[in-house]
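Q: Hi! Could you walk me through this one while I have it open?

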Amino acid sequence: MNVTIKYFGLVAEAAAKSEEILELDGAITASELKAQCLNGLAIADKDSVQIAVNQNLDETITINDGDEVALLPPFAGG
């Protein structure tokens, strides 16, 4: 199955890209995909990165063919 991965902010900088299409074999959850995508990237606090699947921030979702996944850096507010 193919999924589109979009990288934002410091995640995009660490990955040196803003988007890619991954071909995945078998079932995988959003949290497993997040770990796979962040593996090897120079990000100090990988737990602070959020993953959204089709604009839904739920790491327990199972990824399906054609899903759009976004890896989002920590948000600052005030």
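A: Happy to; we can go through the sheet, the core and a helix in turn. One thing to keep in mind is that this is a predicted model.

Q: Great, sheet first. What's the strand order?
A: The order is β2-β1-β4-β3, in an open sheet of four strands with mixed pairing.

Q: And which strands are at the edges?
A: β2 and β3 are the edge strands, each pairing on one side only. On average, and ignoring direction, neighbouring strands of the sheet are turned by 25° against each other.

Q: How many bridges join β1 to β4?
A: Four, and the two strands run parallel. Isoleucine 5 has valine 69 in β4 as its bridge partner.

Q: What packs on the sheet?
A: Helix α2 does, touching β1, β2, β3 and β4. The direction of α2 makes about 60° with that of β4.

Q: Which residues of α2 are buried?
A: Those are Ala30, Leu33, Lys34, Cys37 and Leu38. Looking down the helix axis, the buried residues fall within an arc of 125°, so they line one face of α2.

Q: What covers them?
A: The cover over the buried residues of α2 includes β1, α1, β2, β3 and β4.

Q: What does lysine 34 touch?
A: Leaving out residues up to four places away in sequence, lysine 34 touches Lys46, Asp47, Val49, Ile51, Glu59 and Leu71.

Q: Nice. Switching to the core: how many residues are in the largest nonpolar one?
A: It has 22 residues. Ile5, Tyr7, Leu33, Ile63 and Leu71 have the most contacts inside it.

Q: Which elements give two or more residues to this core?
A: They are β1 (2-7), α1 (9-15), α2 (30-38), β3 (50-53) and β4 (68-72). Of these, α2 gives the most, with four residues.

Q: Back to isoleucine 5, then. What is it in contact with?
A: Setting aside neighbours within four places in sequence, isoleucine 5 is in contact with Ser18, Glu19, Glu20, Leu22, Leu33, Cys37, Val69 and Leu71. Val69 in that list is also its bridge partner, and Leu33 and Cys37 are among the buried residues of α2.

Key:
Residues numbered from 1 in each chain as written. Predicted model: local features only at pLDDT ≥ 70, side-chain atom pairs only at ≥ 80, totals over all residues. Heavy atoms only, no water. Core = buried A, V, L, I, M, F, W, Y, C linked by side-chain atoms within 4.5 Å. Buried < 20%, exposed > 50% of the residue type's maximum accessible area, 1.4 Å probe, protein only. Contact = heavy atoms within 4.5 Å. Arc of directions from axis to C-beta. Pairing = 2+ DSSP bridges. Axes fitted to C-alpha atoms, helices over the stretch in contact; angles between N-to-C directions.
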